[in-house]
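Visitor: I would like to learn how to read the features of a protein model. Could you walk me through this one?

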Amino acid sequence: MKCLLYLALTLFVSLHSFAQSNTVKGAVTDDKGNPLPATSVVEKGTPNGTTTDQNGNFTITVKPNAVLVISSVGHETTEFQLKGQTVVSVMLASAGKSLTDVVVVAYGTQRRTTMTSSQSSISSKDFEGQPVTRIDQALQGRSSGVQVTNTSGAPGSDVRIRIRGANSINGDNGPLYVIDGFVGGDFNIINPDDVADIQILKDAAATAPYGSRGANGVIIITTKKGVKGKTSISFNTRQSLSDVIKKYDKLTAAEYAEVVNQRRQLTGTDPYYTAEQINNFKTNPVKDAQDEIYRRAAGQQYELNLSGGTDKTTYFISGGYQDLQGVIVGSGYKFYNIRSNINTSLSDKLSAYINVNAFVRNNRNTSLRAGTQNAVVESVAWSPSVNVIDADGNPVKTDPLGAQFYNPVAEALHREGLNDNYNANIAGGFLYRIVNGLTFNLQYGVNYSNGEYRGFGDKYVAENVYAGRSTGTSLTLQNINTLNYKATFNGVHNLDLTGVLELQKEKYSGFNIDVRNLIYPAFKWDNLRLADLTGAGAGYSNASLFSLFGRVNYNYDERYLLSATIRRDGSSRFRGDNRYSYFPSVAAGWVISKENFMADQGLFSLLKLTASWGLTGNQAIGAYSTLSTYASLNTTLSADGSVPAILIDRAANPDLKWETTEQKNLGLEMGVLKNRLKARFDYFTKDTRDLLFWVGLPAYTGGGAIMRNVGNVQNKGWELEISGTPVVTEHFSWNSSFNYSAVNNKIRTLADGKAEQTWDSDIGWGATVYPEYLLKVGQPMGAMYGLNYLGTWKPKDEAEAAQFNEKPGDSRYQDVNGDHVIDANDLTIIGYGLPKYTMGWNNTFTYKGLELNILLQGVYGFDKLNFIYAMGMTAYGDFRQPTLADIKNRYVPGVNETSDIPAFSTTNKNYVQSSRFISKGDFTRIKNVSLAYTLPKKLIRNIADIRLFASVTNLYTFTKYSGMDPEAANTGSGSDPAQSFDYGGYPIPRTFTGGITLTF
């Protein structure tokens, strides 16, 4: 009876309250009158709330005199008193990067002050007006813990992005990209001018929602959307010129001839060049082969976008075109893209959206293989005394003393490699407001990609003219269902619940064909039938992922914060129970600045302490990596010749499972003097276990390799971000942001309890006769393996040198085991390839209509082995003679006996794989300097906004690296440690850019 009475009383009170409530309709705009979608509108002191639709409109039922708390990304939170009004309009002031912003997080949004995770934000304003043609350029140097490495200076080339270090030895260490909600997108499809916001998720509290794909960090990209009002048209054009920053210092023709003669005499061979030839070289210099392959490269870029909308529908449509030459002749890149974001309100509760993006990308000769068949390498190997081009303008085919195989100009112009990629991505869905505070988002996504490679080599690069063609098509289907509930109880208990069901399916198919002895070379790859078949193949894969995710965010008075997530992933890439795994996280925070004892202090706008723990995974393996695969070959069984055969290429491993990363994070965030100065410090540890690693199998088992889960790797470090506005006056301001991070990588365990094992990625193409890496417990996974070079034997060491059958002037290496023989038993760690420290410092100065931006980038604490320099000094491999000017400083008995460059002798042994050719890769680079000027509107009678800009990228690099560029690398291996070897990387150029932006 009491229960019935209580229910009746509750119903009466509820009906009475409802009778006293009003339905309020409103619109939320920014300070420029543009509508603000996805804005939170909550009745203060209650769980009652809603969000605005794509046009900034909302409907909510509240008490007549209620106070609405309204907050949106990038704007100051506002409290609006209704005072009986039923139709309202609210304007939110811009907050820049205020600590009170609402930011995009995994599967939702959250106010920055209540976040417990480690997450960095980059706004489009941070790189506006700079010559940014790709997303990676917008990321470089702008966030702590994020290392962006341009391993190639070719236009349109891939980059390496690492968040808080590398977890896997030879697996994928790249972050997961989420583009407008599509999980696993390709950042190459995004035009930076279309970007509104970039969020970088670093700790497990931020990345655990992505489960088996979140171990390497997550980058969320949100593109621009249209706003209500008159159509706005913007046109942007950039023109650029690029030059190689540095070349190798080679011997002149006369110097080379003299060095060759001296070397031949001292090694028991007659001189090659006559005195007359040498004198002729002095009066008639030969053009450096490097000057024949490098050029001043021109570039052009055009972009057009339209945006606008009505009360119901908004749109943003953009298109772009890039045409960039490479600084190596014959190389270039073209990019075409179109994007449209359309949002519409179907009713007060239901809205729909669709984002369409399509692009075509053409790369021509932008990929250089390591070692020979590389124009950069061969331009240094080519004899300084021989012209690269003959009198008829054709490549010279034979270098009698220098490069053994290939002409650098022929490599650049007569060995063609064309990569064409076509991509279309569509993501759309419906957002339904079930009741106040409860929303359901149904999203579907489709990504179609087709890539085609065409290769050709004519008589100048191959004895038998060859051609090849391959293509691959992939299709990804995705469905994400998100249920979200936000409420406030008693004005202080804030609850945010999220549930997600996600499905993804990926399918790939492709084929390839290679031929030689083309009958009609002019047809290249378009008539492969009239040739001899050398290889053909086809491939197919099909994989799927099923995921469930839940998150609880709670805070008390935005003072005490708690967040917990759990994700369950099921992947078809694994077998049995290993298909499924759970990825939990928990985080807590304390906003100290909201405590009563902080009330009277005027220093801290925000002082927040956070801590988090969580598990994430990495399932970046092939769809059938747990199964056996076979390879075909021809083998000789008798004198009758070879016969087709098959052998095991990869052994099955049904016990294979995903890598798991456990991460802990402790953070301190603060805003000082009303957020004029902001800072964040994070300390973290990442322990990755069950590393995915290819392990070779002994020949008696059939050879090949097997993928296994081996060992544990730890990344431990700290990050610091400081930003602020040191100077603000009526006409002048200075905004500055600085970040610094340190990451220490260490192998904690290896497979089968081993203390160490070697790893050979065959980078040196014969120049490295021993495994290049040592994987050792307690050492970083980028430990380079080789001989420790001690300089040259000096005259006082003659007796000791004789014990090694050597003499003064010869190379001296550390005899680790003391047996007076230099061999594999003397190998030791000679360098570390993974960077430990990164830095970025971005400064923007404004004076009236002028804006100057200066960006500095730094990477420190790593070594590189320079193969080109090594071979150019030792006459190793394709370098049959020394070609570099440093050889003039070699040890000469009785003349230059202090030199540590070995003399020419019959007893000297040069080892490329030694500390002699290890260089510090540390560098600080003036990455970008740009100057922009916005014309006063009175000069153009308010017809348009006109912005002129000019910039220079890679202005100057402070480094002691012996090669062309400390960033560039080319090893033929995708492994992170392997990037510490430089064997002909495409040089990173200095680029001058000028342009104009018109907005109508």
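**Strands, cores and rings**

Guide: Happy to! Let's start with a pair of strands: β1 (residues 22-30) and β7 run parallel and are joined by 6 bridges. Keep in mind that this is a predicted model.

Visitor: Which residue in β7 is the bridge partner of Asp 30?

Guide: The partner of Asp 30 is Leu 92 in β7. The general idea is that strands of a sheet pair through backbone hydrogen bonds, either parallel or antiparallel.

Visitor: In what order do the strands of this open sheet lie?

Guide: The order is β4-β1-β7, three strands with mixed pairing. At the edges are β4 (57-62) and β7 (87-92), each of which pairs on one side only. On average, neighbouring strands here are turned by 30° against each other, direction ignored.

Visitor: How does strand β11 pair with β12?

Guide: Those two pair in the antiparallel sense, over 4 bridges, with β12 covering residues 160-163. Within this pairing, Gln 147 stands opposite Arg 162 of β12.

Visitor: Are the residues on the two faces of β11 buried or exposed?

Guide: First the general idea: in a regular strand the side chains alternate between the two faces of the sheet. In β11 (residues 146-149), Val 146 and Val 148 lie on one side, Gln 147 and Thr 149 on the other, and all are buried. Both faces of β11 are therefore covered, with buried meaning under 20% relative accessible area.

Visitor: Which residues touch the most other members of the largest nonpolar core?

Guide: Tyr 273, Leu 865 and Phe 867 do, in a core of 73 residues.

Visitor: Which charged residue lies over the face of Tyr 406?

Guide: Arg 415 does, at 5.3 Å from the ring centre. Likewise, Arg 916 lies over the face of Tyr 789, at 5.7 Å from the ring centre.

Notes: Residues are numbered from 1 along each chain as its sequence is written. This is a predicted model: local features need pLDDT of at least 70, side-chain atom pairs count only at pLDDT 80 or more; totals for chains, interfaces and linings use all residues. Side-chain values use heavy atoms; hydrogens and water are left out. A nonpolar core is a set of buried Ala, Val, Leu, Ile, Met, Phe, Trp, Tyr and Cys residues joined through side-chain atoms within 4.5 Å. Buried means under 20% relative accessible area, exposed over 50%, partly exposed in between (1.4 Å probe, protein chains only). Two strands pair if DSSP finds at least two bridges between them. Axes are lines fitted to C-alpha atoms, for helices over the stretch in contact, and angles run from 0 to 180 degrees between N-to-C directions. A charge sits over a ring if NZ of Lys or CZ of Arg is within 6 Å of the ring centre and within 35 degrees of the ring normal.
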